[in-house]
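Here is a short briefing to read alongside the model.

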Number of protein chains: 4
Amino acid sequence: MTSAPTRDPADAAKRARAEHRSTQLLEAAARLMERDGSHAVSMQAVAAEAGVSVGLIYRYFGGKDDLLLAVIVGVLDSFATQVPAAVEAAGEDPVHRLAAAFRSFCEVIDERRHAAVLTYRETKSLDEAGRARIMELEVQTSEPLRQALRDGVDAGLFDAPDIDLAAYDLLLLAHAWALKHWYFERSQSLDTYVQRQLALILKAILVPGQRKAYAELLAH
Amino acid sequence: MTSAPTRDPADAAKRARAEHRSTQLLEAAARLMERDGSHAVSMQAVAAEAGVSVGLIYRYFGGKDDLLLAVIVGVLDSFATQVPAAVEAAGEDPVHRLAAAFRSFCEVIDERRHAAVLTYRETKSLDEAGRARIMELEVQTSEPLRQALRDGVDAGLFDAPDIDLAAYDLLLLAHAWALKHWYFERSQSLDTYVQRQLALILKAILVPGQRKAYAELLAH
Amino acid sequence: MTSAPTRDPADAAKRARAEHRSTQLLEAAARLMERDGSHAVSMQAVAAEAGVSVGLIYRYFGGKDDLLLAVIVGVLDSFATQVPAAVEAAGEDPVHRLAAAFRSFCEVIDERRHAAVLTYRETKSLDEAGRARIMELEVQTSEPLRQALRDGVDAGLFDAPDIDLAAYDLLLLAHAWALKHWYFERSQSLDTYVQRQLALILKAILVPGQRKAYAELLAH
Amino acid sequence: MTSAPTRDPADAAKRARAEHRSTQLLEAAARLMERDGSHAVSMQAVAAEAGVSVGLIYRYFGGKDDLLLAVIVGVLDSFATQVPAAVEAAGEDPVHRLAAAFRSFCEVIDERRHAAVLTYRETKSLDEAGRARIMELEVQTSEPLRQALRDGVDAGLFDAPDIDLAAYDLLLLAHAWALKHWYFERSQSLDTYVQRQLALILKAILVPGQRKAYAELLAH
DNA sequence: CATGAATGAGCTTTCATTCAT
DNA sequence: CATGAATGAAAGCTCATTCAT
C-alpha cells in the first residue's frame, strides 16, 4: 500500500520477517483458542504463548477480533489448500475423485479437529464482514466436492438432483468427524468413518448400473 | 419438613410462581444468548431483558454457567418432546415414521434456529458435567430416528449396515438447516430441504425392491 | 417505653417469647461470627442457622451492626456474670480471691475461646457508641480483679504501685489464653497456664514477707 | 532467561521501580486497613489512595488476600528488624538487654499502634498458609526477649521457670500498649507504661539477691 | 408476628488497549 | 521494531435491607 513492491532485498527481508512473526502469532493464538475458546484467551496469554510482548500483537493485527478472524481464515485456508492436491492424485474418474476429496477432507479435519470446531464456535464473535468472509471461504472449500459431483453427473455416473446439497452434505459429514467426535469415536476409527459415510452417500447418488463397478467403495 | 408438600395450597402457589419466574428468566437468557452468544450477554443484560434485578437470577440459577446450561437443556428438552409426538402420528410404517421424525426434527429446528446453534457454539463454556449432560441429551434426542431405522431393518425395508451412523447423519442434516441456513436458504425452502435430504438418505438405505413403494418420498 | 410494665400475663408471655427469640438469634449469630468473622456471615446465614426468616431478625435487631454489638455485649456480659460468683466462693483472703478471680476468668474464656477473640477482632466494625459500650463493659469485667488487688494492698499483702495496671495485665493474660492459644497449647494445659501466670504475677506483687504463706500458689 | 539479572542495568532499574511501586501500594493499603479494617477497604479505595488504577494492584499482588498478608508481614518484619538493634546497643547485661528489648518493642509498637492491632484483627481473613506465616513471624519477633531471659537465667540473675511464657507475656504487654491504648492512655505515658510493666515483671523474675543491683529498674 | 422474594449498590477481578521508553 | 507497565470499563456475584403477603 505505502511502498511499491520493489526488489529491494532489505524490503524483502523485512517482509519475510513480518510474515514469520505473523505466523508465529497466529499459531500461538490458534493453539490457545482451539483449546479454550477465543473468549477465554487473553491477548496477554497469546503474547506469552508466542513469546512476545502484548504490544507487538497490535503491530500485526488490529485487535482481538482481527486476530480471531485471521486464525479462522488460516484454518479454512489450510483446509482449502490440502484437499485439491489429494483430488488430483486420485486420477480422472469422478467417483474416485469424489471419494478422494471426501477422504482428504476428513483427514485434514482429523489432523486439526479442534481447529475445525473453532469455526463453528467462534464465528458468531466476528463482525458482519468477518462472518461473510468465513462463509465465502467455506463455500470455496467445498468446491472440489462440488466439482467431482458435477463431473460425475456429466459422465452419467451420478444421479444427483441437487449437487450443491450433496456437496454440502459431504462437507458437513466431514466436519461432523470433528463436531461429533465424542460420539463417533466410540464405535469407529477415522478410516471406518470415511468408508461408511462414503458408502452411504454413493449408494444414494450412484446410478444403479454403476454399483457393481464401484463395489469396493460400497462395501462395508 | 413442615408439611406434605403437595397438600399445602400456599406451597403449591409458591412453586407455581417460582416455576413462572424460572421460565421467564430462561426465556430472556435464551433470547439474548441465541442472538449474541453467551459470552456477549451479561447477567445485567439478562436481568434487564427479564425485567428483574440481577440478584434475583441468582435465586433461581447458580450462576452464569448454570443459566447457560439450563438454556441449552431447555432447548434440547423441547426437541425431545416434540419429535416423538410427530412420529406417533405417522402410523406404523417404519419408512413413514423415519420420514416423519426427520421432518419433525427439521421443523422444530426451524422454529428455533438460533437456539439449535447454541449447542454447537456454547457447549465449550460448560464444565465437564454440563457437557456430559448435553451429549447424553443429544443422543436421547436422536433416539426416534434410530428406532425407526431399527424397525425398518427388522422389517426388511432398510439396508443400513450402521444404524447409529445413519441416525446421527439424519440428526446432523436436521441441525444443518440451522447451522448452514445462510447457505441453504439461497436455494430452497424448509419443505424442499426436508424432501431432498430425505430422498437422498432413503435412496441410500432403502432396499432396491422397495424403491417403487416409496416413490413419492424419493421424488424430487 | 411505650406501655407501663403491667402485670398483664399476656404481656409477660409476649415478653418471654421475645426474650427467647432474641437469645435464639444471638446464639446463632455468635456461633457463626465466632467461627467465620462477622464480615463473612450474612444475615441470610444467621437466619438459616437460627431457623427463622431474614425479616424476623430485623424485628429484634436494628441491623447487622446492631446484631454484632449485641453478640459482643452478650459475650462480655456472660464473662461479667460468671467471675464474681467464683470470687465469692473463694473466701475472705484477698490473695485467694485474686487467684480465684483470675482462674475463673481463664476458665470462662477457655469455654468460649472464640467468643473472647471476637471482641478483639470485630470491635472495629462497630460505631463509636458501640465501641464505647464495649470498652466500658471490659473495664467492668476487670473489676473483681481490681477489687481483690485493692483489698490485698489494704491488708498489707500486696505491694502493687499501680493497681489498675496490674488488674488489666491479669485481664490481658486471661484473654491471652484465647488470643495466643495456638502458641500456649503447645506446651501447657489450661491448668498449668493459670498456675504459672498466677505464680508469676504473685511473685511480682506479694510483699516479700508473705511469700511463705502462699508458697503453694508460687510453686511451679 | 535472556541475561544475568544482576548485570543488566535496565533490568536493575526495572526492579527498583517495581520495588518502589510495591512499597507505595503496601503503604497505601496499610494506611487504609489500619484505619478502617481490611473488610471495609475496597481495592478501588487502595488504588485511589495510592494514586494508581485498580488493575495495577493486581500486577504486584495476587489479590486482596495477598495484599493483606503483605501488609501484615511488612508490619511484623519492621518489628523484627528494629528490636534486635536496640538490644545490641544495650550492652552485655541480660537484665538491661531484656529491658531494652521490651522498651524497644513498646516504642516500635507506639509508632505504629494501628498496624500492631492489625495482626489481632485481620489474621482471621487470611488463609491457613497466611495465618501460619504470621504466627511463625510473631514467634520470631519475640526471640530477643526469649534470648535475654535465657541469658539471665544462665547468669543466675533470673528465676524464671517458664521462659517461653515470660517472653510471650512481655510480648503481649507490649502489644497491649496498642490493644488497650484507650485504657492506658488515661493514666500514663508510654514511658511510664514501659517502666511500670518492666518493674512488675522484673520483680517477678529477678532472683531476690539481685533486686538491689537493679533498683532503678524496679523503682516506680 | 413471621415470611422470603426482590432489590441494587458495591465488591473483587479481568483484560483489551495504549503509549512512553 | 519491540516492550510491558499502566489504564479503567465492565464483568460476575453477594448480601443488607425492604415490604407485600
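This is a predicted model: local features need pLDDT of at least 70, side-chain atom pairs count only at pLDDT 80 or more; totals for chains, interfaces and linings use all residues.

**Reading the model**
- Residues are numbered from 1 along each chain as its sequence is written, and chains are lettered from A and ligands numbered from 1 in the order in which they are written.
- Local features need pLDDT of at least 70, side-chain atom pairs count only at pLDDT 80 or more, and totals for chains, interfaces and linings use all residues, while side-chain values use heavy atoms, with hydrogens and water left out.

**Chains A and B, and pairs that do not touch**
- Chain B can be laid on chain A with an RMSD of 0.3 Å by a turn of 179° and a shift of 0.1 Å along the axis.
- Here too the same surface serves both copies, with 100% of the contact residues of chain B recurring in chain A.
- Chain A and chain C share no contact, and their closest C-alpha atoms lie 30 Å apart.
- Chain B and chain C do not touch either, with their nearest C-alpha atoms 12 Å apart.

**Confidence in chain A**
- The average pLDDT (the predictor's confidence in each residue, from 0 to 100) of chain A is 92, and 95% of the residues score at least 70.
- Among the elements of chain A, the mean pLDDT is lowest in helix 1 (residues 9–36), at 87, and highest in helix 9 (residues 163–179), at 97; helices are DSSP runs (H or I, at least four residues), numbered from the N terminus.

**Helices 9 and 11 of chain D**
- Helix 9 (residues 163–179) of chain D packs against helix 11 (residues 190–205) of chain D at about 160°, with axes 11 Å apart; axes are lines fitted to C-alpha atoms over the stretch in contact, and angles run from 0 to 180 degrees between N-to-C directions.
- That makes helix 9 of chain D roughly antiparallel to helix 11 of chain D (over 145 degrees).
- Helix 9 of chain D contributes D:Leu170, D:Leu173, D:Ala176 and D:Trp177, and helix 11 of chain D contributes D:Leu190, D:Tyr193, D:Gln197 and D:Ile201.

**Helices 7 and 8 of chain C**
- Helix 7 (residues 128–141) of chain C and helix 8 (residues 143–154) of chain C pack at about 40°, their axes 5 Å apart.

Definitions and conventions. Helices (H or I, at least four residues) and strands (E, at least two) are DSSP runs, numbered from the N terminus. Angles under 35 degrees count as roughly parallel, over 145 as roughly antiparallel, 65 to 115 as roughly perpendicular and the rest as oblique. Contact means heavy atoms within 4.5 Å. Copies are superposed by least squares on the C-alpha atoms of residues with pLDDT of at least 70 in both.
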